[in-house]
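User: Got a model here I'd like to walk through with you. Can we start with the charged pairs?
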Amino acid sequence: MCGIVGISSKIDINKTILQESADLISYRGPDHTGLWISSNNKIGLAHKRLSIIDLSNKANQPMICSDKKFVIIYNGEIYNFLKIRKDLKNLGYIFVSSSDTEVILNSYKAWGNDCFKKFNGMFSLAIYDLDKSKIILSRDRCGQKPLYFYSDQNFFVFASELKSLFHLTKKNIQLNQKSFDFYLSNGYVAGEETLAKNFFKLKTGHFLEFSITHNKYQIQPYWEIKSKNKIKFYNK
């Protein structure tokens, strides 16, 4: 388990607040704290790492690819990463770590958003694409790893837990009455809603593209459960 926090802001990022937002979920990753802020001070990524596969510093996050065009923060585990790594090596990609994080990063470089279809695992992740000026969020097919986000005219923020978003945005939190009523009746909150108004969770099996230039996002599925054929019953 790791923790991720990120922000795209129209005003300069407060590094202290970003660090504090990550520290609020430090129990998710006690082995390393990583912080990355863009040269224009408008994009910030933070990571709390629990070391599992590659225990070396080479697997620390945020992880930046060799050409400096992509940055990733990631929580989870890709079970088939060794097979994907082999496929990428055959395509000419070079690896400096044995982590699945670097496999995800190179997979995005090779296949774009189609890479999510190849992953067998549990994950929530964010990739900052510098060339296209966008941030991509993605979540695993069953939603084992959490990922929440908030967007308004000033910034787009995301994190593994809502309290990190509350600290980042400094908003007066309002109760989502519809979700609260549903929770009291069913014991959980459905879909992309949360108990906090205007704060959302990314749907399972989906990815989100946030355009930094236009300050807008769109969400698309990369995987859906195929509908089964109707079963016909016949009387004897």
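Analyst: A salt bridge here is a side-chain nitrogen of Lys or Arg within 4 Å of a carboxyl oxygen of Asp or Glu. The model is predicted, so local features need pLDDT of at least 70 and side-chain atom pairs count only at pLDDT 80 or more, while totals for chains, interfaces and linings use all residues. Residues are numbered from 1 along each chain as its sequence is written, and side-chain values use heavy atoms, leaving out hydrogens and water.

User: OK, how many salt bridges does a search of the whole structure find?
Analyst: Nine. One of them joins Lys-48 and Asp-23, with the closest N and O atoms 2.9 Å apart.

User: Which parts does that pair tie together?
Analyst: Lys-48 sits in strand E3 and Asp-23 in helix H1, so the bridge links parts 25 residues apart in sequence. Helices (H or I, at least four residues) and strands (E, at least two) are DSSP runs, numbered from the N terminus.

User: Switching to helices. What angle do H1 and H4 cross at?
Analyst: Roughly 165°, and the axes of H1 (residues 15-23) and H4 (residues 162-169) come within 8 Å. That makes the two roughly antiparallel, a label for angles over 145 degrees. Axes are lines fitted to C-alpha atoms, for helices over the stretch in contact, and angles run from 0 to 180 degrees between N-to-C directions.

User: And which residues meet there?
Analyst: Ile-17, Leu-18, Glu-20 and Ser-21 of H1 meet Ser-164, His-167 and Leu-168 of H4. Contact means heavy atoms within 4.5 Å.

User: What about H2 and H3, how do they pack?
Analyst: H2 (residues 81-90) and H3 (residues 100-111) pack at about 45°, axes 10 Å apart. They are therefore oblique to each other. Phe-81, Ile-84, Arg-85 and Leu-88 of H2 make the contact with Asp-100, Val-103, Asn-106, Ser-107, Ala-110 and Trp-111 of H3.

Key. Angles under 35 degrees count as roughly parallel, over 145 as roughly antiparallel, 65 to 115 as roughly perpendicular and the rest as oblique.
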